[in-house]
Amino acid sequence: FYVDRNITYGVEGQTLASSEIIEKSAEHSCILLTNEPGMGKTTELKFLACKLREKFTLHWIVFVDLKKHVSRFEKDGKVKTEFKSSNEIAKFLGEKILSVEHFELEVFINLFSEGRVILLFDGFDEISPSFKEFTSMIMFAIKDKSQNRFWVSTRPHLAKELQDYFKCLVLKLEPFSDKQQAEFFQKYLKRKDPEKDQESINKTVNAMQTIAQRINTENFKKKRALTPILLRMVAEFDPKDEFEGSNLGLFNFYEFYKTIIAKMVSKSTREKGPESHEDCVKFTVDSNFIDLCHRKAVETLLSDVDFINDLNLRDTSELTDEQILRIGIMYDDKGEFDFIHRSFAEYFLADILKIRIKSNQKSHKFLETFFKIVGDCLNFNHVRLFLEDSLENLKLEGIGNDFIQSFCNNPLNEPAIYKALQ
């Protein structure tokens, strides 16, 4: 299913309606669709491919998932370094990308020579540097030696480079509004259970939106908007029917995020190869990635260097950039990894604190240092929530229990918070 999205362009962020996007794109040979990971660029690009087919019925529209062509590129020893003519480009695209031959290949080459091919390259930011360079060469050849147009989906830090190089129209895919979130949940539930009555659907949607709003508070909006990935997880996560009725008090946010992360890591580590090695590969990625997330969360949210060093977080440098990015929880921000949503950083901070609290619950030094750092800070109200949920079945002893309950139950109007903000 598809939910209509808001797309903006230009310095002032002018909004384009769905019908206007196709018209606007016809004025440019290169169009970039951009935003951070998990914001739905692939889904939107596929939808735009359908709209282009409806509008340009005599054109050949080609959707290219670049990630699917990386391995072939890296195994091929005879990689082209330049294209000398439009016909040469068309032949390469037809044979290597579309895998067409004979009559179909001739039709494609002919349409390409007439400027009646539109290519949509998806995932430019998710491919290896060498394949990225090769893809850029193809795009430059298309622009330089033909009248055909192409679209590219990528992240903002690469969009600037491509914009300068190709003089592209840059479109920004905006986050879901509350209305679009409700539409997403409605369509998801109807597809999941077509027989479900509308009253039950509305009831469940209201509960889902409450969960989404609790995740996406103003604190989070200032950092990063709620992504479609998280919305889908909200829609899928109901093992105990927490969404039915008004039973939201039973919803455990720590377990919710733990499930999200486990699914994302599991999906990314389904590697092809000998079964004897698969579990080993998966465990290595799992444990190393979690360690990386712990370290990044602490570095992102805390500034006390001594406290960070005392945690003795393991170095995870053996993970490749591709392994990290494939999971989808982090993105590459100009050479530095960051979480796609602040809530993931707060989850991992709570997780590392839970581990330390369980092993050091009688350690006055650790607990006092921790609460001195974050105890009176508004920005950590979600760490409180994650931590409280993660420790709800743990019987803490002595100072541990007193400190944890004091921290987790600290209301937002606590005088100490106002004092800290002055």
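Predicted model: local features only at pLDDT ≥ 70, side-chain atom pairs only at ≥ 80, totals over all residues.
User: How do you know that the length of helix α5 agrees with its number of residues?

Analyst: Helix α5 covers residues 102–113, which is 12 residues.

User: Which residues of α5 are called buried, and what makes them so?

Analyst: Buried means under 20% relative accessible area. Leu105, Phe108, Ile109, Leu111 and Phe112 are the buried residues of α5. Seen down the helix axis, the buried residues of α5 fall within an arc of 165°, so they line one face of the helix.

User: What does the face of α5 turned away from the buried side carry?

Analyst: That face carries His102, Phe103, Glu106 and Ser113, which are exposed; the cut-off for exposed is over 50%.

User: Against which elements do the buried residues of α5 pack, and how does α5 lie on the strands?

Analyst: They pack against β4 (60–65), α4 (86–97), β5 (117–122) and α6 (129–145). Helix α5 lies across β4 and β5, at about 100° to β4.

User: What makes β2 and β4 edge strands?

Analyst: The open sheet has 7 strands in the order β2-β1-β7-β3-β6-β5-β4, with mixed pairing. Strands β2 (14–16) and β4 each pair on one side only, and are the edge strands.

User: How do you know that β3 and β7 pair?

Analyst: Pairing needs at least two bridges. Strand β3 (residues 30–34) and strand β7 (residues 169–173) are joined by 4 bridges and run parallel, so they count as paired. Isoleucine 31 stands opposite leucine 169 in β7.

Note on methods: Residues numbered from 1 in each chain as written. Heavy atoms only, no water. Helix = DSSP H or I, 4+ residues; strand = E, 2+ residues; numbered from the N terminus. Expected span 1.5 Å × (residues − 1). Buried < 20%, exposed > 50% of the residue type's maximum accessible area, 1.4 Å probe, protein only. Arc of directions from axis to C-beta. Contact = heavy atoms within 4.5 Å. Axes fitted to C-alpha atoms, helices over the stretch in contact; angles between N-to-C directions.
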